[in-house]
Amino acid sequence: MITIITTKLFRNSLYKDLTIDQVYKILLNLIRQAPHSEYRLSIGTDSQVGKRETVFVTAIHLHRIGRGAIGFFTTDILPRPILSLREKIYYETSKTLEIASWFTEEKMDLMVECILTTMGRPGDIHFEFHLDIGTSGPTRELIGEMVSIARGTGFEPKIKPESYAATCYANRYTKKLS
């Protein structure tokens, strides 16, 4: 069964059952409230393998640098454990890619416009694709492949320790759900 992005529901501690369109509107409103700030919009996925299933949590995280952050996450469950590290990382990367691809050039330009159309000093926004891989450990062999996939988006690939949307924010929720 293929999950269609528009039917995914996102949540956080304040909001429940939001569509990606609703999440996007909240993010735009937050940027409009402080257009002179610097932002980092990050998307990343973490997973947890259980005895009978694998839980994936994909996060959208907006960090107003020096002023806090807001994040939203969605959950997917694969009804089998993934035993191969390569397969697990590919699944995580594809889940992140699915959400990143929703942020079309038009949607990203609208976010940039919120910052550039202000009076005075404009802010800045960076779009990041967070991968749950790093240079130490067994995932280091997958860096080239996963970074190549991420470069196909308008998002800059980040790996550990800079990939906090996957390794910290999403990770927090995979542990709670598994």
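Reader: Which backbone oxygen lies 2.7 Å from a polar atom of the side chain of Thr153?

Author: The backbone oxygen of Ala150 lies at that distance from the side chain of Thr153. A polar contact is a pair of N or O atoms within 3.5 Å; within protein, one must be able to donate a hydrogen and the other to accept it, and residues adjacent in sequence count only if both atoms are side-chain atoms. This is a predicted model, in which local features need pLDDT of at least 70 and side-chain atom pairs count only at pLDDT 80 or more, while totals for chains, interfaces and linings use all residues. Residues are numbered from 1 along each chain as its sequence is written, and side-chain values use heavy atoms, with hydrogens and water left out.

Reader: What makes Thr153 buried?

Author: Buried means under 20% relative accessible area, exposed over 50%, and partly exposed in between (1.4 Å probe, protein chains only). Thr153 has a relative accessible area of 17% and is therefore buried. Thr153 is found in the loop between helix H4 (143-151) and S5; helices (H or I, at least four residues) and strands (E, at least two) are DSSP runs, numbered from the N terminus. Leaving out residues up to four places away in sequence, Thr153 touches Leu97, Ala100 and Phe129, where contact means heavy atoms within 4.5 Å.

Reader: How do you know whether Asp17 is buried or exposed?

Author: Asp17 has a relative accessible area of 55%, so Asp17 is exposed. Asp17 lies in the segment before H1, and its phi is near 55°, a positive value in a residue other than glycine.

Reader: Why does Gly134 count as buried?

Author: The relative accessibility of Gly134 is 2%, and Gly134 therefore counts as buried. Gly134 lies in the loop between strand S4 (124-130) and H4. Residues up to four places away in sequence aside, Gly134 touches Thr139, Arg140, Ile143 and Lys160.

Reader: Why are H1 and H3 called roughly parallel?

Author: Two packed helices are described by the angle between their axes and the distance between the axes. Helix H1 (residues 20-33) and helix H3 (residues 105-116) pack at about 20°, with their axes 8 Å apart. Axes are lines fitted to C-alpha atoms, for helices over the stretch in contact, and angles run from 0 to 180 degrees between N-to-C directions. Angles under 35 degrees count as roughly parallel, over 145 as roughly antiparallel, 65 to 115 as roughly perpendicular and the rest as oblique. H1 and H3 are therefore roughly parallel to each other.

Reader: Which residues of H1 and H3 meet?

Author: Tyr24, Leu27, Leu28, Ile31 and Arg32 in H1 meet Lys107, Leu110, Met111, Cys114 and Ile115 in H3. The residues of this contact divide into eight nonpolar, no polar and two charged.

Reader: What makes Lys158 buried, and which side chain does the side chain of Lys158 join in a polar contact?

Author: The relative accessible area of Lys158 is 15%, so Lys158 is buried. Lys158 lies in strand S5, and a polar contact of 3.2 Å joins its side chain to that of Glu156.

Reader: With which side chain does the side chain of Tyr164 make a polar contact?

Author: The partner is the side chain of Ser42, at 3.2 Å. Tyr164 lies in helix H5.

Reader: Where is the place of Pro161?

Author: Pro161 is in the loop between strand S5 (156-158) and helix H5 (164-177). The peptide bond from Lys160 to Pro161 is cis, with omega near 5°.

Methods:
Ala, Val, Leu, Ile, Met, Phe, Trp, Tyr, Cys and Pro count as nonpolar, Asp, Glu, Lys and Arg as charged, and the others, Gly among them, as polar.
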